[in-house]
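Subject: Structure handover

Hello,

Here is the structure for your files. My notes on what was found in it follow below.

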Amino acid sequence: MFEALGDRLAAALKKISGRGVLRPEDVDAGLREVRLALLEADVNFKVVKEFVERVRARLAGAEISPGLTAPQTVIKAVDAELVELLGGNSEGLRYASHPPTVLMLVGLQGSGKTTTAVKLALLARRDGHRPMVVGLDRRRPAAMEQLKILAERNQVAFASEIPKAGPEDVLILDTAGRLHVEAELMAELKQLKSKVKVAETLLVADSMTGQEAVKVGEAFGKEVGVDGVILTKLDGDARGGAALSFRVATGERIRFAGTGEKPTDLEVFHAERMASRILGMGDVLSLIEKAEAAVDKEKAAEVERHLRAGQLSFDDFLSQIRQLRGMGSLESMLEMVPGGGAIKGQLAGANTEKEMQKMEAIILSMTPRERAHPELLDGARKRRIARGSGVQPADVNRLIKARDAMQKLAKQFGAVNRKGRLAGLPGIGGFQKGGAGW
Ligand SMILES: Nc1nc2c(ncn2[C@@H]2O[C@H](COP(=O)(O)OP(=O)(O)OP(=O)(O)O)[C@@H](O)[C@H]2O)c(=O)[nH]1
Ligand SMILES: [Mg+2]
């Protein structure tokens, strides 16, 4: 497995602590790791070189953001640059104002053109259009048959040549591929394009293409002309570096991502997710989604109100603990966040589940009034609560300290986001938008 860039940067920059400006040598150390990680993620070396220089410019004289560590500041800059370079999110399919919208799929052999043709047809149908797939791969009889069967199975109209007129308003052309970039293929595609009024030519590219991606992207871009890229097989173990290579080589954006063999396995391209995937930052998005699913919205709003007012009650605290537990084991969560590996190491041995149970027992031994007014807890009350929950008074003190710390932190960052989670918490706060559905 690749080591996540987040963990790598944390190790490389661990000597820098506190606030202030990133020193040039820190930036260098960080960028060295970024370079290696991107190469491992299969980004073309020329693209990596250019990219690193752009991040360097972004980081020149940059301050370490409040609430973030130095490595996180570097990752944030890398992430922002990646999203920018990738050109943001795709808007999905674009339909011609004068139908039919003709989409021509081109790409190397086995990249996924035929499969993607049907996937796009289903997407167009969901958008309320009447799509038809057109098989133009006459090199292999089996290729035509493959498209026909796949279309029939999904009740998509099929033809083996471009129809003159008909009810269909979206035509998706499936073309032949070749193992490598060849002059003959390019000539064929160019000729086809000169005969048909194509709205968009989409390059279907395998995300495992590796260093070749730039050559492939440049060839199709220059010879045939490409208006966008569809990156396939992202469900495999590719790190997604090819997205960057194809984007730079064609100058066009990635429009869709193929995420499986099924006709429904196609997603509109999402630049932030791809950036996260390239960075190996862990499945932050799914963590956030999980958190959102577990959170009780009304309760969250209440906790937020209390936090803002500096009145975090133990009931709030209890609901936060329960929410955490609802998300699954702490360890599995840590695996999903950047730098989680390091924290997990520190936690080794500590029985976090047991700790949470203990906290819960202590809070349940408090009276409702004590829960709402932590300041009431004097020595006698603490002893009574400890007895009631079967713990030591020191455990009660620890819990009180934890609540105080949480309240203080919330004040310090002055912000609790809409979902009722603390924003700006070191380690997680800076990355809430990231993630990788694929
Ligand atoms: N896992 C996965 N497999 C895919 C994806 N897209 C396509 N495939 C598989 O890749 C293989 C090749 O796909 P095709 O659609 O036949 O590729 P093609 O570009 O039409 O290939 P040629 O016609 O030979 O040029 C098939 O087994 C597909 O099921 C994807 O997003 N994920
Ligand atoms: Mg095919």
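Gln155 sits in the loop between helix H6 (141-153) and strand E3 (157-159); helices here are DSSP runs of H or I with at least four residues and strands are DSSP runs of E with at least two, numbered from the N terminus. The model is a predicted one, in which local features need pLDDT of at least 70 and side-chain atom pairs count only at pLDDT 80 or more, while totals for chains, interfaces and linings use all residues. Residues are numbered from 1 along each chain as its sequence is written, and chains are lettered from A and ligands numbered from 1 in the order in which they are written.

Gln155 has a positive phi of about 50° although it is not a glycine. Gln155 counts as exposed because it has 9 C-beta neighbours inside 10 Å. The burial classes are as follows: a residue is buried if 20 or more other C-beta atoms lie within 10 Å of its own, exposed if 12 or fewer, and partly exposed in between, with C-beta atoms placed from the backbone.

Lys233 also is not a glycine and has a positive phi, of about 60°. Lys233 is in the loop between strand E6 (228-232) and H9. With 23 C-beta neighbours inside 10 Å, Lys233 counts as buried.

The peptide bond from Pro99 to Pro100 is cis, with omega near 0°. Pro100 belongs to the loop between H4 and strand E1 (101-106). For reference, most residues other than glycine have a negative phi, and most peptide bonds are trans.

**Overall make-up**

The chain has 438 residues, of which 43% count as buried. Its secondary structure comes to 19 helices and eight strands. Of the contacts in the chain with a separation of 6 or more, 76% are between residues 24 or more positions apart; two residues are in contact if their C-beta atoms, placed from the backbone, lie within 7 Å.

**Nonpolar cores**

A nonpolar core is taken as a set of buried Ala, Val, Leu, Ile, Met, Phe, Trp, Tyr and Cys residues joined through C-beta atoms within 7 Å. The largest one has 83 residues, and the members that touch the most others are Leu86, Leu105, Val133, Ile172, Val229, Leu231 and Phe246. Helix H4 (residues 70-86) gives the most to this core, with eight residues. The core lies between domain 1 (5-86) and domain 2 (101-279), because both give residues to it; the domain bounds come from an automatic or database domain assignment. A second, separate core of 13 residues includes Ile362, Met366, Val396 and Leu399.

Leu105 touches Lys113, Thr116, Ala117, Ile172, Leu173, Asp174, Thr175, Leu202 and Val204, leaving out residues up to four places away in sequence. Thr201 and Leu105 are 96 residues apart in sequence and 6.0 Å apart in space, C-alpha to C-alpha. Thr201 lies in strand E5 (residues 200-206) and counts as buried, with 23 C-beta neighbours inside 10 Å. Not counting residues up to four places away in sequence, Thr201 touches Met104, Val106, Lys193, Val224, Gly225, Val226 and Asp227.

**Packing of H8 and H9**

Helix H8 (residues 213-223) and helix H9 (residues 241-250) pack at an angle of about 35°, with their axes 8 Å apart. Axes are lines fitted to C-alpha atoms, for helices over the stretch in contact, and angles run from 0 to 180 degrees between N-to-C directions. H8 passes H9 in a right-handed crossing (left-handed if the near helix is turned anticlockwise from the far one by less than a right angle, right-handed if clockwise). On the H8 side the contact is made by Ala213, Val214, Gly217, Glu218 and Gly221, and on the H9 side by Ala242, Ser245, Phe246, Ala249 and Thr250.

Val248, in helix H9, is buried, with 21 other C-beta atoms within 10 Å. Val248 and Leu85 are 163 residues apart in sequence and 8.2 Å apart in space, C-alpha to C-alpha.

Met406 lies in helix H19 (residues 393-413) and counts as partly exposed, with 17 C-beta neighbours inside 10 Å. Met406 and Phe317 are 89 residues apart in sequence and 9.1 Å apart in space, C-alpha to C-alpha.

Regards
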